[in-house]
Amino acid sequence: MQAELLVHSQWILTVDPENRQLTDHAVAIADGRILAILPYAEAQRSVEAERLVELPGHVLIPGLVNAHTHAAMTLMRGLADDLPLMTWLHDHIWPTEKRWVDPNFVADGTRLAVLEMLRGGVTCYNDMYFYPEVTAQVTAEAGMRAVIGMIVVDFPTGYAESADAYIAKGLALQDQYRSHPLIRVGFAPHSPYAVSDEPLKRVHTLANELDVPIHIHLHETQDEVVQSLRDHGERPISRLDRLGLIGPSLVAIHMTQLEDAEIERLAETGAHVVHCPESNLKLASGFCPVAKLLEAGVNVALGTDGAASNNDLNLLGEMRTAALLGKGVAASASAVPASDALRMATINGAKALGLDDEIGSIEPGKSADLVALDLRDSHTQPLYHPNSQLVYAAGRHQVRQVWVGGRHVVRDGALTTLHTAEVISAAQVWQTHLEAYA
């Protein structure tokens with residue numbers, strides 16, 4: 001077998017349907033795809049590789065999928081902490097965005113986010129923000145994978161003046177990236193309270209025609225539900241269901257306010273939920289009933305939300321928080337085990353984004369989106385179960401190697417596609433602008 005790259009790791013967590021944990025195996029890669037996974041002794045005999053990467057003491061996992069972000073908002077990290085969601089949005093975030101967000105802001109903020117995510121083992125993310133064409137360009141240039149949201153809101157911003165204008169710009173973006181190897185495009189109506197019925201119905205129709213996901217904040221807080229009952233006479237999920245949006249294309253973010261019948265409806269229709277535990281905790285939004293959702297058969301993925309409300313893009317940290325919080329909410333120590341948390345951060349996220357045939361697990365034929373973590377640090381020793389150690393003890397500083405489509409984008413902990421000092425310098429310039437304005 002001819003391969004361009006052979007990666008030999010002490011452990012491999014495949015996150016395939018069998019959830020295999022392999023010891024002393026190797027992954028053969030060619031043309032950016034996984035050719036085979038085989039014992040290293042066999043690989044030495046049967047694989048002729050141009051390059052060999054040896055990873056003693058490392059665990060190799062699929063690239064992490066951050067299923068909900070606002071990448072450019074990384075420039076607002078720590079700007080308005082310790083505030084309720086609506087105060088945070090109306091009094092701080094939205095005025096700041098109105099004053100400062102432009103293509104340059106989005107480019108520099110996205111570069112900072114991509115730098116942080118790749119170094120933390122995230123190889124794919126799902127974004128919702130203004131100037132998505134800039135986000136797409138920056139992400140592609142850095143060699144990262146993303147689903148870029150066609151943002152839709154009712155109100156005018158510097159990016160567009162109406163819901164129709166947002167949709168028109170989004171469709172142009174979809175045309176531009178239709179065949180791109182790293183960038184996919186989906187609809188991103190902000191929330192039920194920010195988008196009226198007619199644009200939502202149009203989004204539903206277009207998403208079906210284009211076969212793309214619909215990425216929306218939903219049932220994030222109790223206030224959102226109360227407001228919907230007051231303004232529409234129904235809960236937000238019921239309203240979206242009436243408009244046709246509850247289905248397999250829906251990627252519903254947060255979902256902290258759920259009744260049992262709503263969970264059943266999500267399972268019945270094949271809708272996806274993205275859990276953002278640390279952002280929800282920080283904004284006191286509520287608790288997503290992850291164990292109930294998983295038990296009902298709902299696909300639950302994992303997201304960080306934006307760094308403005310988290311305050312990081314650390315999906316390894318979200319895995320640990322999701323597992324611990326899931327146990328507390330369910331009042332069961334066996335709820336959301338480590339294996340489920342890892343699936344939420346990998347294959348479940350890929351499935352939510354319609355990418356599970358391409359990424360999310362280590363299987364022959366899939367794209368070689370791979371992450372290697374060095375578990376030889378003192379705080380991950382002794383090591384009895386790599387999966388548990390990864391979720392409950394490992395940190396993103398242990399990410400040493402990252403490949404996206406077989407391209408080595410993080411080598412020995414350093415990014416190969418972005419200049420770290422330049423990215424940080426640009427962020428510090430924005431800090432002076434935003435501080436003076438705030």
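Visitor: Which residue in β3 does Val27 stand opposite?
Guide: Val27 stands opposite Ile37. Helices (H or I, at least four residues) and strands (E, at least two) are DSSP runs, numbered from the N terminus.

Visitor: Before we go on, what am I looking at?
Guide: This is a predicted model, where local features need pLDDT of at least 70, side-chain atom pairs count only at pLDDT 80 or more, and totals for chains, interfaces and linings use all residues. Residues are numbered from 1 along each chain as its sequence is written, and side-chain values use heavy atoms, with hydrogens and water left out.

Visitor: OK. How many bridges join β2 to β3?
Guide: 6 bridges, and the two strands run antiparallel. Strands count as paired if DSSP finds at least two bridges between them. β3 covers residues 33-39.

Visitor: And the turn of that hairpin?
Guide: There are 2 residues between β2 and β3, and Asp31 takes a positive phi near 50 degrees.

Visitor: In which sense do β1 and β2 pair?
Guide: Antiparallel, over 8 bridges. β1 spans residues 2-13. Leu6 stands opposite Ala28 in β2.

Visitor: How many residues of β2 are buried?
Guide: 7 of the 10 in residues 21-30, so the strand is mostly covered. Buried means under 20% relative accessible area, exposed over 50%, partly exposed in between (1.4 Å probe, protein chains only).

Visitor: Switching topic. How many disulfides does the structure hold?
Guide: 0. The cut-off is a pair of cysteine sulfur atoms within 2.5 Å.

Visitor: Where is the nearest cysteine sulfur to Cys124?
Guide: In Cys276, 15 Å away. Cys124 is buried, at 0% relative accessibility.

Visitor: Now the surface. Which residues form a nonpolar patch?
Guide: Leu281, Phe287 and Val329, with about 260 Å² of accessible area together. Val329 is in helix α12, residues 315-330. Val329 is partly exposed, at 40% relative accessible area.

Visitor: What does UniProt place at residues 59-408?
Guide: The unreviewed entry gives "domain: Amidohydrolase-related" there. Such annotations may be inferred rather than shown by experiment.

Visitor: How far apart are the end C-alpha atoms of that span?
Guide: 17 Å. The span is 42% helix and 18% strand.

Technical notes: Patches are made of residues with over 30% relative accessible area and no salt bridge: like charges are joined within 9 Å, nonpolar side chains (Val, Leu, Ile, Met, Phe, Trp, Tyr) within 5 Å. Accessible areas come from the Shrake-Rupley method with a 1.4 Å probe; for residues, only the protein chains shown count as cover. A salt bridge is a side-chain nitrogen of Lys or Arg within 4 Å of a carboxyl oxygen of Asp or Glu.
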